[in-house]
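Trainee: Hi! Could you walk me through this structure? I'm new to it.

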Amino acid sequence: MNRYLSFEIIGETQDDAIGEAFDKVARVVGLPCPGGVAIDREAKKGHNVYKLPIPHTEGKYDYSFSGLKTAVINLVTKERNNNREVNVQDLACSFQTTAINYLLDKALPCIDEFNIKQVVLAHCNPTCKAPINPGPLVT
């Protein structure tokens, strides 16, 4: 933001936003919406054991979560079709870890490159906020 109410778009989502991906993954594994809260709760009890793809975009600071979401849906479908149980806690942990690491892998260099002073994370779960929280709010 060069001046008050003047913005420059440096990156954007190419398809599903992260919240949509969390909601859809939650629904597929039988968790309630909003998915971010439910997945975060289950992820804390699980382990990062499912190998999920890291999304890719052409734009340096663009995001894409549809492939990650689809990979989870396909994994769950495949396991159920083969009469295997999906460990929801482990899958929640694996999905959340992959999604948040991807988010941070793009956001943190952007913050440095553009000397960003403030980041607003709206409607996200506590685990997503923790890695970039600069500390307690000073008033």
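Trainee: Where is F7 found?

Mentor: F7 is found in the segment before α1 (18-28). Helices here are DSSP runs of H or I with at least four residues, and strands are runs of E with at least two, numbered from the N terminus. Before we go on, this is a predicted model, where local features need pLDDT of at least 70 and side-chain atom pairs count only at pLDDT 80 or more, while totals for chains, interfaces and linings use all residues. Residues are numbered from 1 along each chain as its sequence is written, and side-chain values use heavy atoms, with hydrogens and water left out.

Trainee: Is F7 buried or exposed?

Mentor: F7 counts as exposed because its relative accessibility is 64%. Buried means under 20% relative accessible area, exposed means over 50%, and partly exposed is in between, with a 1.4 Å probe and protein chains only.

Trainee: And which residues make the nonpolar surface patch?

Mentor: Y4, L5 and F7 make the patch, and its area is about 460 Å². Patch residues have over 30% relative accessible area and no salt bridge; like charges are joined within 9 Å, and nonpolar side chains (Val, Leu, Ile, Met, Phe, Trp, Tyr) within 5 Å. The areas come from the Shrake-Rupley method with a 1.4 Å probe, and for residues only the protein chains shown count as cover.

Trainee: New topic: how many aromatic pairs are found?

Mentor: A search of the whole structure finds five. One of them joins Y63 and F65, which is stacked because the ring centres are 5.9 Å apart and the planes are at 10 degrees. Rings of Phe, Tyr and Trp (its six-membered ring) pair if their centres lie within 6.5 Å; planes under 30 degrees apart are stacked, over 60 edge-to-face, and the rest tilted.

Trainee: What about Y63 and Y102?

Mentor: Y63 and Y102 form an edge-to-face pair, 5.6 Å centre to centre with 90 degrees between the planes. Y63 lies in the loop between α2 (35-43) and α3 (66-81), and Y102 in helix α4 (residues 88-113), so the pair ties together parts that are 39 residues apart in sequence. Y63, F65 and Y102 form one aromatic cluster.

Trainee: Are Y63 and F65 buried or exposed?

Mentor: Both Y63 and F65 are buried. Y63 has 15% relative accessibility, and Y102 is also counted as buried, at 4%.

Trainee: Why is α2 called largely enclosed?

Mentor: Seven of the nine residues of α2 are buried, so the rest of the structure largely encloses this helix. The buried ones include D40 and E42, along with G35, G36 and A38. E42 also has a salt bridge with R41, at 3.5 Å from N to O.

Definitions and conventions:
Salt bridge = Lys/Arg side-chain N within 4 Å of Asp/Glu carboxyl O.
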